[in-house]
Amino acid sequence: MAAQAGSDVASLVSRNETTILPEWVELQKQAGTLHTGRITEAELLSQSRNFLHLLHEALAQGGTDTASAAYEPAKAMLSELSRNRALQGFSPSETATFIFSLKRPLFNALNRDKTLSAEQISSTVWSLTVLLDELGLLTLEIFQKSREEVIVRQQREIAELSTPVVKLWEGILALPLIGTLDSQRTQVVMENLLQTIVDDEAEIAIIDITGVPTVDTLTAQHLLKTVAAARLMGADCLISGIRPQIAQTMVHLGVELNVISKASLADAFAVALRQTGRTIVKAKRVEGYTFADKKSGGQDA
Amino acid sequence: MDRIPILKFGSALLVTIQVDMHDRLATALEEDLTARIVSNNARGVLIDISALEVVDSFIGRMLDNIAAVSRILDADTVVVGMRPAVAITLVELGLSLTGVKTALNVERGMAMIHDRLAGSETDDADDED
């Protein structure tokens, strides 16, 4: 019976292809596919015509069984379409409308067809519904997948962007952390830091957490892990940039860092310089020698 | 059985681990080193593990033990040249080797031991740091 219904659907589509297409495109336009201005009417028309053509071929060869090989081209086209729409910023329902709005033109065609018996009509309606639902679900699935791909890519980019290791001075590194520290990011941060310690032969690393929005017990643990790993490599760690609210939260939570911590990166840098045996000295100004004098002196000479 | 050579370097002992450590080798090293600290009257022990790609919890504990033993015998232990991957693994294992001093390379490790020796020679009372 399924095969019978399949050939019924196929013949229905082939007989009415010319009327289904404009009706379908019209419905998509009514649903607002063009309103966002992301695709042109010509594109929509060609997409619809191509898909209808592929669907027709698939129906003729494989019946209504979407798992059959005959549906591969139609599915591939549909996947491509929903992926593109996902990337163009269409909403899920806008994307799914492409398939679901095909229902009405098909049912209209079925109504106009006087050659079919009531039984044939009902079975055709059922197989059509199942077919379109399956294709609609496929559309949504691909849509979802493409969006997730975008999210994963962005996450990776954020992770790369937000964990730079900066060299402040010979042997002194700074690690300005921005954003929440989860275990995955801690791993990236740790690897970056340790590799830079080796490459730059650093003695001291300053971890600046000004950009970390909250420090809970877990974040503190991640920080301590990083500090411990750096220590194993022979580098000392300082923590800087703990904001007042965060300091309070940490005390409330009973989080202890057990490392030298300073309020600002500048303070930590001063400590680091001292520990590596350096001091910052204000340049001594020669009596009566200012920038203006130097200038005029230069002209005199 | 293989043994890891222990080199005398002034008043310090230098151990360079260049082969994969297995447990028996580690135990042997621990014993040899203890004996050499006493016989050479060493004040510092430098363990270079830059060639070690894998450090498991046993080796980690061995390093901790060596440090504890040599501290009792009044020698400083400095572990140098740990690879980033090894450091991460040890931290993940919960072994942060708090009793062991660390340095990036042999040069810095030696400097640490020399600093300590110089400090204790000039002023024994000023040993705390």
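Which strand of chain B does B:V79 lie in? Point 5 takes that up; here are some notes to guide a first look.

1. **What kind of model this is.** Please keep in mind that this is a predicted model. For chain A the mean pLDDT is 84, and 93% of the residues reach at least 70. The stretch to treat with care is residues 295-301 of chain A, where the pLDDT is below 50. Apart from near neighbours in sequence, that stretch has 0 contacts in the model. Where pLDDT is low, the predicted coordinates should not be read in detail.

2. **The two chains in outline.** Chain A has 301 residues, of which 31% count as buried, and its secondary structure comprises 11 helices and 5 strands. Chain B has 129 residues, with 38% of them buried. Chain B contains 4 helices and 5 strands, and along the sequence these follow the pattern β-β-α-β-α-β-α-β-α.

3. **Two helix pairs in chain A.** Start with helix α3 (residues 72-88) and helix α6 (residues 118-161) of chain A, whose axes are 8 Å apart and pack at an angle of about 45°. That angle is why α3(A) and α6(A) count as oblique to each other, and their crossing is right-handed. Residues making this contact include A:L78, A:S82 and A:A86 of α3(A), together with A:L138, A:I142 and A:F143 of α6(A). By class, the residues of this contact are 8 nonpolar, 4 polar and 4 charged. Now look at helix α7 (residues 183-200) and helix α8 (residues 217-232) of chain A: their axes come within 10 Å and cross at roughly 20°. α7(A) is therefore roughly parallel to α8(A). The crossing of α7(A) and α8(A) is right-handed. Among the residues in contact are A:V189, A:L193 and A:I197 of α7(A), with A:H222, A:T226 and A:A229 of α8(A). This contact of α7(A) with α8(A) has 7 nonpolar, 4 polar and 1 charged residues.

4. **Where the chains meet.** How many residues of chain A are in contact with chain B? There are 15, and they are in contact with 13 residues of chain B. On the chain A side, α7 and α8 each supply at least two residues. The most comes from α7(A), which gives 6 residues. By class, the side of chain A that touches chain B has 9 nonpolar, 2 polar and 4 charged residues. Leaving out neighbours within four places in sequence, B:S96 is in contact with A:A228 and B:V91. B:S96 is partly exposed, with 19 other C-beta atoms within 10 Å. The C-alpha atoms of B:S96 and B:D64 are 9.4 Å apart, although the two residues are 32 residues apart in sequence.

5. B:V79 belongs to strand β4 (residues 76-80) of chain B. B:V79 and B:D48 are 31 residues apart in sequence, yet their C-alpha atoms are 6.0 Å apart in space.

6. **Two backbone details worth a look.** Most residues other than glycine have a negative phi. Against that background, B:D74 has a positive phi, near 60°. B:D74 is found in the loop between α2 (57-72) and β4 of chain B, and B:D74 is exposed, with 12 other C-beta atoms within 10 Å. B:L97 has a positive phi too, near 45°. B:L97 sits in the loop between α3 and β5 of chain B. Is B:L97 buried or exposed? With 21 C-beta neighbours inside 10 Å, B:L97 counts as buried.

Notes
Residues numbered from 1 in each chain as written. Chains lettered and ligands numbered in written order. Predicted model: local features only at pLDDT ≥ 70, side-chain atom pairs only at ≥ 80, totals over all residues. Buried ≥ 20, exposed ≤ 12 C-beta atoms within 10 Å, placed from the backbone. Axes fitted to C-alpha atoms, helices over the stretch in contact; angles between N-to-C directions. Parallel < 35°, antiparallel > 145°, perpendicular 65-115°, else oblique. Left-handed = near helix turned anticlockwise from the far one by under 90°. Contact = placed C-beta atoms within 7 Å. Nonpolar A, V, L, I, M, F, W, Y, C, P; charged D, E, K, R; others polar. pLDDT = per-residue confidence, 0-100.
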